[in-house]
Amino acid sequence: MNLNHPVTYIKGVSVARAELLYTELGVRTCNDLLYLFPFRYIDKTQFYTIKELSQNTAEVQVVGKITSVKEVKQKRGSRLVATFSDATGSIDLVWFKGAKWIKDSLKTDVPYVIYGKLNWYNNVANMPHPEMETVKEYKSKLQTSMQPVYPSTEKLSNKGISNKVLRGFIQNLFQQVFGQIEESLPTYLIDENQLLGKKDSLLNIHFPKSQELLAKAQYRLKFEELFFIQLQLLQKKLIRKSKIKGYVFEKVGEEFTNFYKNNLPFELTNAQKRVLKEIRKDIGSGAHMNRLLQGDVGSGKTIVALLTMLIAIDNGYQATIMAPTEILATQHYHGIVELLEGTTIKVELLTGSSKIKKRREIHTGLENGSVHILIGTHAILEDKVQFKNLGISIIDEQHRFGVAQRSKLWEKNPITAISEEKGKAVREKYLETHPSEYKLLKEIALKRKNKTTKEERALWEVLSTKKNTFKFRRYYIIDEFMVDFICLEKKLIVEVDGKYHVTPEQIEAANLRTTILNEFGYQIIRLSEKEIIEDLESVISKLETSLKNLPSVRVDKSVPPHVLVMTATPIPRTLAMSVYGDLDISVIDELPPGRKEIKTVHRYDSNRLSVFKFLKDEINKGRQAYVVYPLIQESEAMDYKDLMDGYESIVRDFPSPKYQISIVHGQMKPADKEYEMNRFVKGETQIMVATTVIEVGVNVPNASVMVIESAERFGLSQLHQLRGRVGRGAEQSYCILLSSFKLSSDSKTRLQTMVETTDGFKIAEVDLKLRGPGNIMGTQQSGVLNLKIADVVKDGAILHKARQTASRVLEEDATISKPKNASLLKVYSQIQKKNGLWSNIS
Ligand code: ADP
Ligand code: MG
């Protein structure tokens with residue numbers, strides 16, 4: 001028997017019980033059971049008398065005898081009640097399930113040890129489903145003051161798999177396999193870190209011999225768990241650095257230098273300079289950059305992003321910034337266009353509300369390289385957006401994007417592009433021999449409809465589900481031609497002939513296109529819309545046959561753009577190490593000079609009048625203010641009403657024409673939002689009433705007051721983000737948190753933290769403690785939530801040690817192949833087989 005065998009190999013585990021262990025606890029193999037750790041320990045050496053039992057005793061152990069047993073009929077089945085007595089009194093033991101067989105097994109006049117939780121009813125205690133053993137049994141075992149308690153479920157205890165039974169399984173397991181437990185860490189690491197051996201650790205975590213050994217066992221197992229995660233993350237980083245090629249931006253050229261000399265409106269802070277240096281080192285190295293830039297709100301990440309993009313442009317590449325909201329993207333766009341005034345750099349904005357004509361123009365500009373910088377929202381991720389040569393992708397406020405979305409940015413460049421010379425030669429040849437068809441071809445390409453047709457969509461739906469047998473991409477650029485679908489391994493293009501394939505001239509042009517693509521080395525299958533609609537199935541099977549008959553070619557990986565993700569939501573160090581462990585991390589830990597610390601106060605709703613008075617004073621000094629309302633999905637209608645009521649009362653208190661008020665919320669059309677935003681940015685309005693749509697990134701330096709209504713309903717990081725909207729100019733800024741009187745203790749902590757500090761990292765630490773890692777962005781993918789014993793919040797010190805150790809191991813032995821690391825390699829490959837956990841981009 002070995003540890004990979006199913007638990008049915010363990011004495012006492014039937015097939016039915018094994019099934020339960022699997023469905024209820026996810027335990028399938030012996031090894032799984034070995035790693036089912038107790039979550040606490042109880043003292044089995046201590047006894048209560050019945051007289052001593054009180055409402056305060058949680059779980060108790062009592063010695064006594066059963067004096068009577070009766071079955072009580074109830075609605076369904078019956079319940080079994082046994083009277084259990086010692087010299088001082090008696091209580092009822094109750095079974096709601098399995099009355100019949102329990103009744104048969106209970107003996108009167110035999111002393112029992114019972115253990116369980118008490119139920120109090122009218123000041124009388126009973127004990128449902130007690131654990132029982134005869135005193136004889138009890139004495140035959142070694143009893144400890146640290147008896148393990150395992151995770152359980154109602155179903156398990158109802159089906160008779162009590163904690164005692166589970167413990168029995170594990171005891172048997174140890175007897176059967178103890179000899180086979182292998183040490184997973186090399187001796188030198190065990191010695192260096194003074195760790196308890198593996199066998200002893202597992203034994204003591206289940207059956208501690210002493211408090212001290214338990215602590216050592218826990219430490220060792222936590223260390224090991226974190227160590228292997230770090231080993232994996234760090235090795236992945238090493239591989240990324242050595243294997244994934246990145247564009248080399250070797251020079252800092254004219255655009256960068258000119259901008260730095262002439263357009264930079266301020267001196268960079270030291271932190272900005274340092275981060276820029278870190279980035280430059282990456283992008284000049286030939287390796288691929290995947291870097292997280294953390295910097296508190298207002299620390300000046302945008303300018304770092306822009307300078308980085310200029311380096312890309314200096315080296316002949318394009319750049320893009322993706323922002324989570326339209327407001328933010330638009331603001332980046334205007335800001336950057338303004339900064340780049342007087343240069344020849346072409347910047348475009350692409351969002352969900354870009355007009356079709358504009359979109360088409362942008363698409364073409366990106367494909368032929370005439371657009372240098374693209375700023376936008378999710379719209380950038382659409383397949384139709386393809387670049388000629390995207391050198392860097394910057395993602396602002398990355399926590400707002402999912403992993404899948406972010407990784408799409410890796411695939412924006414052509415893969416097996418035809419070399420420029422070859423493309424040009426072929427095109428020129430046909431331009432000469434087929435001038436009119438060629439011209440028409442170009443026109444059609446320009447008119448290419450922006451919307452995907454329903455036939456294309458239907459086909460894509462099927463093709464994309466088959467991507468395990470053959471992978472198609474859509475809207476792919478070959479030289480200057482964008483094709484509908486392509487399977488790169490087979491060099492097969494599939495095109496759907498739509499409304500530009502009707503007239504003889506158009507058909508001629510399409511044929512020319514086929515000829516050219518053939519000459520580039522691609523097969524083309526042209527489908528009519530009709531056949532797709534009428535018989536998609538046979539279209540697909542036809543395609544499948546063609547694919548089968550074509551030889552496979554090796555597809556060179558495209559060079560992915562460098563990736564810089566920026567976040568103003570600081571992630572506590574310990575968590576960053578686990579979640580973003582394979583990214584490089586840069587931190588801007590310094591605010592631009594001249595900023596005054598924002599003064600933050602907490603006031604109750606009843607103080608609103610004086611708050612408004614204060615607002616008025618500030619506005620009369622020429623400042624602007626935000627008043628923010630929560631808008632939380634579930635109660636949207638009510639929140640919306642609060643917002644509108646609030647808006648009206650502000651309009652009453654701040655009458656026009658002296659005061660002008662803007663309002664922005666999620667239900668407005670983007671154009672209206674932008675209009676209102678703009679009025680505020682230009683200083684035409686003094687108060688901005690808004691929901692959290694303004695949370696991210698918006699920059700109005702003259703705004704100096706942030707009033708947050710119902711502040712108790714916001715999360716800490718949100719409050720911090722909102723506060724970051726002010727304090728961007730030279731004036732003293734204020735943040736006023738309004739709340740009701742009724743506050744939960746968490747709300748109190750949140751508001752108090754906000755009042756006490758403006759340090760984003762401190763705030764993030766508190767947030768992590770309050771909410772646990774599960775709610776922090778990025779943790780879901782990272783696996784830190786599946787930890788069996790370690791806790792990223794509490795075990796920061798162990799994590800640190802584990803990371804250092806892993807880093808040292810890899811420094812000496814990057815491939816983990818030295819003999820002294822043999823035991824590591826073994827575990828490591830098992831882990832890797834099990835989970836393709838971390839995707840390329842985090
Ligand atoms: P965030 O990091 O929150 O994105 P921004 O990039 O929006 O911050 O910068 C906040 C404000 O600080 C902007 O108005 C920007 O022009 C200004 N700023 C950035 N860097 C500096 C600097 N080194 N000196 C002075 N002002 C700066
Ligand atoms: Mg920003």
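Mentor: Let's start with helix α23: its buried residues pack against β21 (599-604), β22 (624-628), α24 (636-653), β24 (687-690), β25 (703-708) and β26 (734-739). Keep in mind that this is a predicted model.

Trainee: Which residues of α23 are the buried ones?

Mentor: They are V611, F612, L615, E618 and I619. These residues cover an arc of only 120° around the axis, so they sit on the same side of α23. On the other side, L609 and K613 are exposed.

Trainee: How do you know that the span of α23 agrees with what a helix should have?

Mentor: Helix α23 takes in residues 608-620, 13 residues. At 1.5 Å a residue they should span 18 Å, and the end C-alpha atoms are 18 Å apart, so the two agree.

Trainee: What follows α23?

Mentor: G622 does, and its phi is positive, near 100°.

Trainee: What covers the buried residues of α19?

Mentor: The cover includes α16 (420-433), α17 (435-447), β15 (473-478), β16, β17 and β18. The buried residues themselves are Q506, A509, A510, L512, R513, T514, I516 and L517.

Trainee: What puts the buried residues of α21 on the same side?

Mentor: Take the list first: V539, I540, L543 and L547 are buried in α21. They cover an arc of only 95° around the axis, and that is why they share a side of α21. The face turned away from that buried side carries the exposed residues E537, K548 and N549. Among the elements covering the buried residues are α18 (454-465), β18 (523-528) and α20 (529-534). As for length, α21 (residues 536-549) has 14 residues and reaches 20 Å from first C-alpha to last, close to the 20 Å expected.

Trainee: Why is E133 called buried?

Mentor: Buried means under 20% relative accessible area. E133 has 6%, so it is buried. E133 lies in strand β8 (residues 131-134). Leaving aside neighbours within four places in sequence, E133 is in contact with Y112, V113, Y138, K141, Q143 and K164.

Trainee: What makes β4 and β7 a pair?

Mentor: A pair needs at least two bridges. Three bridges join β4 (residues 89-95) to β7 (residues 124-128), so they pair, and they run parallel. V94 stands opposite P128 in β7.

Trainee: How do β6 and β7 run, parallel or antiparallel?

Mentor: Antiparallel, and three bridges join β6 (residues 119-121) to β7. N119 stands opposite N126 in β7. The two strands form a hairpin with two residues between them, and N122 in the turn has a positive phi of about 50°.

Trainee: On to the ligand: which residues come nearest to ligand 1?

Mentor: Of the 16 residues around ligand 1, those are Q272, G298, K301, T302 and R595.

Trainee: What makes the pair between Q272 and ligand 1 a polar contact?

Mentor: The cut-off is a pair of N or O atoms within 3.5 Å. A polar side-chain atom of Q272 lies 2.8 Å from a nitrogen atom of ligand 1, so that pair qualifies. An N or O atom in the side chain of K301 is 2.7 Å from an oxygen atom of ligand 1. From S299, a polar backbone atom is 3.5 Å from an oxygen atom of ligand 1.

Definitions and conventions: Residues are numbered from 1 along each chain as its sequence is written. Chains are lettered from A and ligands numbered from 1 in the order in which they are written. This is a predicted model: local features need pLDDT of at least 70, side-chain atom pairs count only at pLDDT 80 or more; totals for chains, interfaces and linings use all residues. Side-chain values use heavy atoms; hydrogens and water are left out. Helices (H or I, at least four residues) and strands (E, at least two) are DSSP runs, numbered from the N terminus. The expected span of a helix is 1.5 Å times one less than its number of residues. Buried means under 20% relative accessible area, exposed over 50%, partly exposed in between (1.4 Å probe, protein chains only). The arc is that of the directions from the helix axis to the C-beta atoms. Contact means heavy atoms within 4.5 Å. A residue is near a molecule or strand if one of its heavy atoms lies within 4 Å of it. A polar contact is a pair of N or O atoms within 3.5 Å; within protein, one must be able to donate a hydrogen and the other to accept it, and residues adjacent in sequence count only if both atoms are side-chain atoms.
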